[in-house]
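Student: Could you take me through this two-part model by question and answer, giving the cut-off behind each term as it comes up?

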Amino acid sequence: MRLLLVEDDSMIGDSVRQGLRQDGFTVDWVQDGRAAELALGNEVYDLLVLDLGLPKKDGLDVLKTLRLRGNRIPVLILTARDTVADRVKGLDSGADDYLVKPFDLDELAARIRALLRRQSGRAAPAIEFGELRLNPATHEVTFQGKPLSLSAREFSLLEVFLDRPGVVLSREQLEEKLYGWGEEVESNTVEVYIHALRRKLGQDFIKNVRGVGYMVPKRS
Amino acid sequence: MTSIRRQLLLWLFIGLSLSTVVAAFAVYARAREEARDLFDYQLQQMAAAFPHEGFGPITAPFPDESGMGDVVVVQIWGENGVQLYLSRPGSPAPQSMDIGFSTVSTPDGSWRIFSALVGNSVVQVSQPMSVREELAASMALRTMLPLLITLPLLIVLIWITVGRGLKPLNEVASAVSRRSADALQPLPDDRLPAEVKPLVAALNDLLLRLGRALSSQRSFIADAAHELRTPLTAVKLQIQLAERAVTDAERASAFAQLKGGTERAIHLVAQLLTLARNEPEAAGRPFTPVDLTDVARQVVAEQASIAEARKVQLGLSSAAPVPIMGDPEALRTMLSNLVINAIHYSPSGGAVDVEANTQNGQACLVVTDTGPGIPAAERQRVFDRFYRYEAASVTGSGLGLAIVRKVAERHRASVELGAGTDGRGLKATVRFPKV
């Protein structure tokens, strides 16, 4: 899952990015409102973590513009403005959740998972797909009732597929979900991970649509 | 405690009582005088009414014509000093040797006597003085009576008037006491008497200044708490990352970050303290003679290693002493903040120049850098505490220029931000007032 983090403070931004990466998210980080709008133009992000007091363009303005354009990306506000009025204003401007500084990294990750879950229409925290069961919080996977060991990238890739079953995803789209800015993308890595997943889940689990990309077919 | 009301009432009552007593005495004295004239005239008339041929032996009492028979005693003396007649036998009326009016004191009181020679006899008409005094007293009383009756009315009137006169003061007092410490709205000053208006105006002025000081304090605390939250949030996150670290390398890097975060929080607290110490309300150290060149030399020496580390050329370009009166500690802090800002915003290979000089008779401290400068539109706002211009590149407390301004204000100096030499970079000038 790829997140956009907008935070002007370098220390906080750096720590949050580091922490969320450890939790298996792909994180891009920008430090002002204009850069945030530029990045959001790509529409590759699954969630936006937004600080409010930003240089160049205030966080709330960024959020309002975003919603005005009809963008439905889940937004979590991360701010030191902690009055009820501020929170109400933030939520009413289109935010889905509001976390006040200083916050806990684990709580931030949990709230992000909750927002993503809601976005994909799931009620239970675990993703269930046929005989496959993924827990995004603990990264535990069971297949046919047995625990399955997946690397962080494999887990992320599987999560992307299961989030949109039946949808064909191109290699570029998958790369975008897996790699943040500045992360080296070696050629064929997506294929390598898909190969690994097929080996663990069965050859037919991920289908190849020639010339277009890959998909996990819907199960009835 | 002195009370205007008590003082007013006390002196008004004393004055009123004294004037009443004095008036009563004056009226009584006047009445007595009138009574004397009246009765003396009557005594004289009575004496003159006797026949001039003299008297034979008189046995029958005179008819009491004046109606004052009970208080007038008539005596007639023969030429040989024999009492021919006494209108009231057994009366204690004394005898006077003088012809005409005289006053004689007896153990039974004073008598007024008129003696006249009638033929060979002496006619003496006497009257006790008490009669006159009674009359005078009753006349005086009658004159004073309306005054005495109106006196209580007057007292009530004074009481009410004083009370009403002082009512605005009481109203102001209760309006002040109704004010809570955090609601310093001005007192209503309409319909106030001219004497109370200046007081209320002064009070309102004080309330306004208090309110301003209070709200600036409050916003300072709010700002400070808010700003402290940022470095503390970073520290908290860094601690969590350190906890999560698995390898030694990860842990070392997490602790290095944690150290940086903690140092930032410490720096912010130190800057907040400096700012609070330079508030005009804080009793600062007394001003002493200071040489600005000396201050500049110290600051350049202090910051030389930081400049070196960032590959910025830092130098002092003046040597002549620039003496002023000031707080050397605060001036050093102020210049340090300007120099640190200049170093931080200068690119690698840039130069920061510090100078103390005299321009148009005004002592000046000038710091010039070759950084990106500050657009004219932002040059005022950057002095606001916690305001950061283009925060992304440099992490500071956001208090540096606020401290500069506070110290400058304490020295009644102005701070100007302008473009550096050749229109590039930033030139900060602190201009001290002419001596």
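Tutor: What follows is a set of questions on helices, contacts and backbone features.

Tutor: This is a predicted model, in which local features need pLDDT of at least 70 and side-chain atom pairs count only at pLDDT 80 or more, while totals for chains, interfaces and linings use all residues. Residues are numbered from 1 along each chain as its sequence is written, and chains are lettered from A and ligands numbered from 1 in the order in which they are written.

Student: How many helices and strands does chain B have?
Tutor: Helices (H or I, at least four residues) and strands (E, at least two) are DSSP runs, numbered from the N terminus. Counted in that way, the secondary structure of chain B comes to 7 helices and 12 strands.

Student: What percentage of the 435 residues in chain B is buried?
Tutor: A residue is buried if 20 or more other C-beta atoms, placed from the backbone, lie within 10 Å of its own, exposed if 12 or fewer, and partly exposed in between. By that rule, the buried part of the 435 residues in chain B is 27%.

Student: Which element of chain A gives the most to the side that touches chain B?
Tutor: Two residues are in contact if their C-beta atoms, placed from the backbone, lie within 7 Å, and 18 residues of chain A are in contact with 20 residues of chain B. With 8 residues, the element of chain A that gives the most to this side is helix α1 (residues 10-22).

Student: How do the residues on that side of chain A divide by class?
Tutor: Ala, Val, Leu, Ile, Met, Phe, Trp, Tyr, Cys and Pro count as nonpolar, Asp, Glu, Lys and Arg as charged, and the others, Gly among them, as polar. On the side of chain A that touches chain B, the division is 7 nonpolar, 6 polar and 5 charged.

Student: Why do the buried residues of α3(A) lie on the same side of the helix?
Tutor: In helix α3 (residues 59-68) of chain A, the buried residues are Gly59(A), Leu60(A), Val62(A), Leu63(A) and Leu66(A). They lie on the same side of α3(A) because the arc that they cover around the axis, taken from the directions from the helix axis to the C-beta atoms, is only 160°.

Student: Are α1(B) and α2(B) roughly parallel or roughly antiparallel?
Tutor: Helix α1 (residues 4-48) and helix α2 (residues 129-178) of chain B pack at an angle of about 165°, with their axes 9 Å apart; axes are lines fitted to C-alpha atoms, for helices over the stretch in contact, and angles run from 0 to 180 degrees between N-to-C directions. Angles under 35 degrees count as roughly parallel, over 145 as roughly antiparallel, 65 to 115 as roughly perpendicular and the rest as oblique. The angle therefore makes α1(B) and α2(B) roughly antiparallel.

Student: Is the crossing of α6(A) and α7(A) left-handed or right-handed?
Tutor: Helix α6 (residues 152-163) and helix α7 (residues 171-178) of chain A pack at an angle of about 125°, with their axes 10 Å apart, which means that α6(A) is oblique to α7(A). A crossing is left-handed if the near helix is turned anticlockwise from the far one by less than a right angle, and right-handed if clockwise. The crossing of α6(A) and α7(A) is right-handed.

Student: Is Ala109(A) buried or partly exposed?
Tutor: Ala109(A) is found in helix α5 (residues 105-119) of chain A and touches Leu20(A) and Asp23(A), not counting residues up to four places away in sequence. Because 19 other C-beta atoms lie within 10 Å, Ala109(A) is partly exposed.

Student: Where is the cis peptide bond with omega near -5°?
Tutor: Pro102(A) is found in the loop between β5 (97-100) and α5 of chain A. The cis bond runs from Lys101(A) to Pro102(A).

Student: Is Lys311(B) buried or exposed?
Tutor: Lys311(B) has a positive phi of about 55° although it is not a glycine, and is found in the loop between α5 (292-309) and β7 (313-316) of chain B. With 11 other C-beta atoms within 10 Å, Lys311(B) is exposed.
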